Amino acid sequence: MTEGQRAEASDGSRVYQAGRDVIVNQPAPAPPAPPVWNLPPRNPNFTGREDVLARIHEGLSTSVVSVHSLHGLGGVGKSQTAIEYAYRHRAEYQWAYWIPAEQPELIPDHFERLKAALGLPATADLRSVLSAEPGWLLIFDNAERPGDVHEHLPVGGHVLVTTRNTGFGGLGRTVELDALSRPESVDFLRGRVPATTAEQADRLADVLGDLPLGLAQAAAYLEETALPVEEYLTLLDTHESALLAEGDVPGYPHTVATVWGLSLQRVARQEPVAVAGALISAYLAPDDIPLEPLRQAIRQDDPRFADATADPVRWMRAIGLLVKYGLVRRTGDTISMHRLLQAALRSLPERMGRDRHAFAKSALLVSFYNLTDTTLPPMSHLLAALSYTRFAGGQAVEVYRKSAEHAAKLYGPDHALTRRLRRLTE
Ligand SMILES: Nc1ncnc2c1ncn2[C@@H]1O[C@H](COP(=O)(O)OP(=O)(O)OP(=O)(O)O)[C@@H](O)[C@H]1O
Ligand SMILES: [Mg+2]
């Protein structure tokens, strides 16, 4: 997703999302979007979390502590809560900026983009500008280690950090996010699927451990198929997923894997190329996956999908199916896939007797195509795809050499990333 598209999506325009295209609802009267605002679109189905949102606001606005970390399991709703916080309080900020922090070597690049978005000259010292002009919100999403963020922390504004890991207490306050409460889960399910009774919603929430990610997936399936909830519950209970099995998502109720498996099977029956697209996407960074390079990579690598990928309209319809089943979210000409679904999908090829490196290599191809699009964060997909790919001998050297060349062009020959890639070729 480009910043322009994000700004557009966040401004009440059309967002492609599970089950239907929706218009993002905003509380009335809607404050105007700050000029610099690259957050993902607001979730119109956001439910609950009032206590956490209030605690964050209270902490950020009344205490001297200006950093809040949201900590919890994958899929529990940390990123969503951070996004919701920003939209609720957007009138209080001059601007807000979203920084994917999972790949710490790319954080400086995001700051360079922020500098450009703020209209500052390349020579400006961003930190001193930020501390001189408070009233901003920075969100570091999915930080791995406190040090990755600490190194870049500006002062003067508000900072939210989302992380699956502990140990962020040293940066400021930490809020622990748990699964939704049962009434919240029931509210969410009945809001999305009105035919659900309170008792059915309660049972469904129970088998999904109240995990928002699983609830959202189940709701998308029910919305799309109009299957009665009772039948879905029976399916979950009896289904031996040929795709994803118990233990694929460690630490989660196995039904979370089953809900994905059921959705993937429906998509596979209607348009197998969509599943191929999803499998390759699992080896890329989770956000801003560019659709056109994905189509081209499948076209080049997999002759079985020659017809499906030759026709861009059919390809977009296939992607539309993934969106309808809540497996990806689409904004403009990119999609996002939840990182937990990515992890589950990466465990698939082996079970199917397929070579996972084939998918990882296609992902690498996508990331190379993607490098020509200067509107997207350039190296995130390449770094992700490289981390999942094992090449033998000369082939590896060639891939790393090409990657290092790209990095040198984008960041200069002495950038840490360029040097790291170059070392791999030695
Ligand atoms: N409060 C909520 N109301 C409705 N849906 C929610 C809520 N919180 C999360 N979700 C749903 O759950 C999904 C996962 O949430 P989110 O991406 O915020 O998890 P996360 O904790 O950031 O996970 P990760 O650590 O893997 O990044 C969202 O895409 C959304 O569909
Ligand atoms: Mg997240």
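Helix α21 (residues 416-424) has three buried residues: Leu417, Thr418 and Leu421. They sit on the same side of α21 because they cover an arc of only 100 degrees around the axis, an arc taken from the directions between the helix axis and the C-beta atoms. This is a predicted model, in which local features need pLDDT of at least 70 and side-chain atom pairs count only at pLDDT 80 or more, while totals for chains, interfaces and linings use all residues. Residues are numbered from 1 along each chain as its sequence is written, with chains lettered from A and ligands numbered from 1 in the order in which they are written.

**Overall fold**
- The protein has 21 helices and 10 strands; helices (H or I, at least four residues) and strands (E, at least two) are DSSP runs numbered from the N terminus.
- Of its 426 residues, 45% count as buried. Here buried means 20 or more other C-beta atoms within 10 Å of the residue's own, exposed means 12 or fewer, and partly exposed lies in between, with C-beta atoms placed from the backbone.

**Two helices and their exposed residues**
- On α21, the face turned away from the buried side carries the exposed residues Ala416 and Arg423.
- Alanine 132 belongs to helix α5 (residues 126-132). Why does alanine 132 count as exposed? Because it has 8 C-beta neighbours inside 10 Å.
- Alanine 132 and valine 155 are 23 residues apart in sequence, and their C-alpha atoms are 8.9 Å apart in space.

- Strands β5 (residues 136-141) and β6 (residues 158-163) run parallel and are joined by four bridges. Opposite valine 161 in β6 stands phenylalanine 140.

**Around ligand 1**
- Ligand 1 is surrounded by 24 residues, the closest being Gly74, Gly77, Ser79, Pro212 and Ala216; the criterion is a C-beta atom, placed from the backbone, within 6 Å.
- Helices α3 (78-88), α9 (212-225) and α16 (339-346) each supply at least two residues of this shell.

Terms used:
Pairing = 2+ DSSP bridges.
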